[in-house]
Amino acid sequence: MLPCTPELLNAALDDPKVADTCREIASRLVEVKNGTLAREAFEAMKSQLKADNLPVVCFHATFTDGYRHNLTAVPSGLSIYDVDHLSYDPRAYYFSKVAGREVELGISLAHVSPSNEGVRLVFEIPEGMSLAEAQQWMAQQLDDTTYDGCVKDLARCSFVVPRDYVLYYDEEELFKEREVAMPEAGSLNGIVPSENLVTIETNDSAISAPILPATTDYEDTFNGIGYEQIVRSMEELLGGVPAQGARNNFIFSMACHLRYVCNDDPQWIAQVLPRYGEDEQKFQSTVRSACNRPQTKTVPSLVNRALERARQQQQVEEAVKANGVRSAQPPVMPKKLTKFMRLITKNVPAHLKPAVAMGVFPALGAHCKGVKFRYNDNALVEPTFMNVLVAEMSSGKSCVNEPINAIMADIKERDQKNRRLMQEYKEQYDTCPADQQKPDRPKGLAVQWVKSDMTPAAFVQLMADASGRFLYSRLDEIGLLNQLKTNGKGNNVTEILRLAYDCGEYGQERVGTKSVSECVEVRWNWNASTTPGKCRRFFGDAMLDGTLSRMSFCTIYTDDDRMPLYGIYDEEFQKQVQSLVAQLNDATGLVKCKKANALAAQMIEENRQYTALADDDTYRELSYRATLSAFKRGMVLYLLNGQKWSQEIEDFVRWSFHYDMWCKMWIFGEKMRRAMDMDKAVVLPGRRNLMELLQDSFTLDDLNIVRRAQGMSGDGAAQLRKWVSRGYCTFDPQTQQYTKSPQFIEKHPKVAA
């Protein structure tokens, strides 16, 4: 019996022999389809090739006596579902019926069968179901009228396939610890499992990854620290998860130290301590031996260090969880909203409400003339907003258009009148005889809703005409920003975007009598939409210049592909919106709200603590202005609420900050980290050949030690898989040892470390 590790399974998936065998089977199947090989001959040939060359995996159970038969089977909580003898490409079956539903169906592994005529799914048995019931359940989920009944056999195994046959693989889910409480109906041959082991068996060995025994009434934490976190910290201090051959000593050492936090109770220790692939009976015996050993009254320093490390790591994880930035889904918008937010989002489905809620602020800010807020650093700020909606094609990005139209209705009406008067002036100017004095340009003809296709002169003139009001633009694609060329050569518009957020000065000097010579404070709010890839490309050169931190981002997240149903945007809706927007038009001067500043102070401190715990420079840099933007959104809602602060405003401000940060980290996080690392990097000599620093035979732990010595982070498992696939070394699953190939040794003689 060997312990199941991701390394073993990945080595099997990457085994050239497995790939060659499946390639041979696939080529024979082509001959069957072409009529040059009989089906019976193919089946016999396929069976022989699989039996001789392919390792097998037993996902259903482990076996207490080391032999694969039902009498001693202990269910694992996993099942396999086979779809065989498809008349078309099995990948088409998977992508039409399964793809995108893996989490919903509990699938951890899916692959094309070795015959290249079917699909195999490995999934977690739903709670309370037997193996047979789980099979029937999966058939119903996939609308399959029949299913392979033989997979109800606990001893059933499946052949390993090459990695390019794999359609879905969640390594963490496949190898996670799970408790199994099988109903009586799920037992086989009268056996009801008492513990759960995920079992993988090859053609010459069985590999088991044990799971913790059933929980009792013991506490889940020690002084508020989770036992799982304590165990992880203790593992690290003791050198990491043990290799085969060192497990018993490692379990004994771990148990001796856990006595101090588990009340010297062997059952409690057995509940929190992983088996590390050890036989259950031997594991229990080792734990009891550790508890029978004489114990010092003083808590060992290693235990204290493990507790402190676990406490710090738990604080980081709690901060990450509360912050929501690293979650798989964006933060959920508060259910209780302000009167304005309820109104402006009421006509869109739930999954579109966040995009609308974030997207309307540029239009709202455009209604504020001369309005200023004092931020916590005593700087005076204005309601400047630039919002980018980033989502996949055909996801409903136009959902923000009608709400914005309702908000901008009064400005649009005024613009139409002023545009007409301006056109009359231009016609009068052009038709005026040369010997007569040209009419003066009218004053106060502000046009706020403008196109992005402007020359610098037009931009400056429109800004001057606005007399302190905001210009506003709505772009269907982010690339249209490049239509506003801030110089005569390049298309980089990020400089003007930074000025717009800060209301900075911008202008031009010209000598011509008809040329525009103005210096203005840039007040320009805008909305744009795009897809994730285009967004990253557009801002590819703006990772570190402050452009991204000044913008707000939103997205559309949903698993529902049905057509969204919108409400009606009628005149009554527009009147209701305009009645609230009027409060923005009436506001002027410095607007103060102590509760808004108090909330901003709390968020600033929370972000400071989070970035210190998470050690995330990217998050820190983006959070500064994201907090300021959230404060501005709160102040605009404060004005829309009759200058009355409420819990709904506070909840929205907090959510909008975390939502904005989630979107930024999702879109730009890794790219910004790389850019920041490059910016701070010190030029060092190149790394040495790592394998040259290892002995001829070595383990994963040996490689990780060498990696750390060379200043590298992370685990070297992926690197080892690459070395094996390229023939630099071989792997022995029995000893967990890697051995350099003769070809490598010949070309790369060992040098001193």
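Author: One convention first: Ala, Val, Leu, Ile, Met, Phe, Trp, Tyr, Cys and Pro count as nonpolar, Asp, Glu, Lys and Arg as charged, and the others, Gly among them, as polar. The model is predicted: local features need pLDDT of at least 70, side-chain atom pairs count only at pLDDT 80 or more, and totals for chains, interfaces and linings use all residues. Residues are numbered from 1 along each chain as its sequence is written, and side-chain values use heavy atoms, with hydrogens and water left out.

Reader: What is the volume of the largest cavity, and which residues line the largest cavity?

Author: Its volume is about 80 Å³. The lining consists of Leu-9, Leu-13, Val-57, Phe-59, Leu-109, His-111, Ser-158, Phe-159, Val-160, Val-161 and Val-166. Two or more of these residues come from each of helix H1 (6-13), strand E6 (107-112) and strand E8 (158-159); helices (H or I, at least four residues) and strands (E, at least two) are DSSP runs, numbered from the N terminus. By class, nine lining residues are nonpolar, two are polar and none is charged.

Reader: And what is the volume of the second largest cavity?

Author: That one has a volume of about 60 Å³. Around it stand Glu-7, Asn-10, Ala-11, Asp-14, Leu-720, Arg-721, Val-724, Phe-731 and Tyr-738. H1 and helix H27 (717-725) each supply at least two residues of this lining.

Reader: How does that lining divide by class?

Author: Five of the residues lining the second largest cavity are nonpolar, one is polar and three are charged.

Reader: Let us turn to the sheets. What is the order of the open sheet of three strands?

Author: The order is E15-E14-E22, with mixed pairing; two strands pair if DSSP finds at least two bridges between them. Strand E15 (380-381) and strand E22 (589-591) are the edge strands, and each has a single partner, so one side of each is left without a neighbour in the sheet. Strand E14 (residues 371-374) pairs with E22 in the parallel sense over three bridges, and Val-371 is opposite Gly-589 of E22.

Reader: Which residue is the bridge partner of Tyr-472?

Author: It is Asn-525, in E20. This belongs to an open sheet of four strands in the order E17-E20-E16-E21, with parallel pairing. At its edges are strand E17 (471-475) and strand E21 (552-555), each pairing on one side only. E17 and strand E20 (residues 524-530) are joined in the parallel sense by five bridges. Helix H19 (residues 494-502) packs on this sheet and touches strand E16 (386-390) and E20, where contact means heavy atoms within 4.5 Å.

Reader: What percentage of the 753 residues count as buried?

Author: Of the chain's 753 residues, 49% count as buried. The chain has 28 helices and 25 strands. Among contacts between residues at least 6 apart in sequence, 75% join residues at least 24 apart.

Reader: One last topic, backbone geometry. What is the phi of Asp-143, and what is that of Gln-643?

Author: Most residues other than glycine have a negative phi. Asp-143 has a positive phi of about 60°, and Gln-643 has a positive phi of about 55°. Asp-143 sits in the loop between helix H6 (131-141) and E8, and Gln-643 in the loop between H24 and helix H25 (647-680).

Reader: How accessible is Asp-143, and how accessible is Gln-643?

Author: Asp-143 counts as exposed because its relative accessibility is 65%. Gln-643, at 44%, counts as partly exposed.

Note on methods:
1 Å grid on protein atoms, 1.4 Å probe; cavity = no way out; pocket = protein on both sides within 12 Å on 5 of 7 lines; lining within 4 Å. Points joined across faces, edges and corners; volume = space filled by probe spheres on them. Buried < 20%, exposed > 50% of the residue type's maximum accessible area, 1.4 Å probe, protein only. Axes fitted to C-alpha atoms, helices over the stretch in contact; angles between N-to-C directions.
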